[in-house]
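Student: Please take me through this structure by question and answer.

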Amino acid sequence: MKKNVLLMMCLIFFLTGCSAEYNIVIKKDSISEELQVYDENSYYESEIGKKIEEDINIKTGVLINEQNGDTEDVNPNYTYYLKEKINSKGKLGIKYTNTFDVDDYSKSYIANNCYKYFQVYKDKKYITISTSKEFLCIENFDKLYEVKINIKTKYNVEKNNADEVSNNVYSWTITKNNFSDKSLYIKIDMTKMAEKSEEQKKQDEKVLKIFETIGIILLILVVIVGLVLFNKKRKLENN
């Protein structure tokens with residue numbers, strides 16, 4: 001029986017509940033996937049931390065293409081997500097990461113368990129990701145109260161239904177109130193680079209001004225050193 005990776009990890013946080021962040025970085029030939037599930041309440045740190053150490057290292061190795069029941073031993077015939085404990089800035093949880101070839105991302109275990117329909121279409125020009133409406137991971141587990149999905153790419157996004165866009169990061173926030181109608185759609189033109197946002201342009205201008213200031217200071221220093229050396233040389237010649 002296939003088990004949901006988010007549900008398995010949230011069982012660790014049965015005392016307080018949990019939230020998750022799903023980060024995707026789309027490049028020309030690869031798609032990187034990162035899932036973080038965490039509890040922000042550090043009161044249970046010692047108890048939950050021990051539970052994480054027990055489960056993450058042995059029981060929750062996640063098969064990329066399929067998973068049948070709990071896997072207590074790592075099977076060398078399969079590829080597993082890299083996994084590590086999160087314990088910083090008041091957050092305690094688990095992080096899973098993997099990098100796919102673009103053609104293989106449609107096999108993502110995480111995405112396929114959270115959406116009934118999950119498709120990645122690639123042709124010579126576009127990469128398109130689309131899903132069904134309902135986000136099953138929140139529907140099926142009461143303790144999971146929020147999931148944020150972030151897709152980052154330096155290429156031009158032609159169409160999307162993101163809730164928020166900032167610095168080439170497209171974000172969807174899924175909660176108990178909207179999970180039943182929260183599809184994801186993004187169409188990326190891989191032949192064009194994304195235009196810089198106004199915020200990025202302002203940052204570039206600040207960096208440019210800093211370099212201009214440094215350049216002016218260096219030029220002044222060179223002139224001063226040159227004048228000092230020139231005056232020393234004249235004095236030596238006069239003597």
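Tutor: A cavity is a set of points, on a 1 Å grid over the protein atoms alone, where a 1.4 Å probe fits but cannot get out; lining residues have an atom within 4 Å of a point. Its volume is the space filled by probe spheres set on the points, which are joined across faces, edges and corners. The model is predicted, and local features need pLDDT of at least 70. Residues are numbered from 1 along each chain.

Student: What is the volume of the largest cavity?

Tutor: The structure holds one cavity of 30 Å³ or more. The volume of the largest cavity is about 130 Å³.

Student: Which residues lining the largest cavity are closest to its centre?

Tutor: The lining has 17 residues. Strand S1 (18–26), helix H3 (109–114), strand S6 (126–131) and strand S7 (144–153) each give two or more of them; helices (H or I, at least four residues) and strands (E, at least two) are DSSP runs, numbered from the N terminus. Closest to the centre are Tyr-22, Ala-111, Tyr-115, Phe-135 and Ile-149.

Student: Which residue in S7 stands opposite Ser-19?

Tutor: Strands pair if DSSP finds at least two bridges between them. S1 and S7 run parallel and are joined by nine bridges. In S7, the residue opposite Ser-19 is Glu-146.

Student: In S10, which residue is the bridge partner of Lys-152?

Tutor: S7 also pairs with strand S10 (residues 169–175), over seven bridges and in the antiparallel sense. The partner of Lys-152 in S10 is Val-169.

Methods:
Predicted model: local features only at pLDDT ≥ 70, side-chain atom pairs only at ≥ 80, totals over all residues. Heavy atoms only, no water. 1 Å grid on protein atoms, 1.4 Å probe; cavity = no way out; pocket = protein on both sides within 12 Å on 5 of 7 lines; lining within 4 Å.
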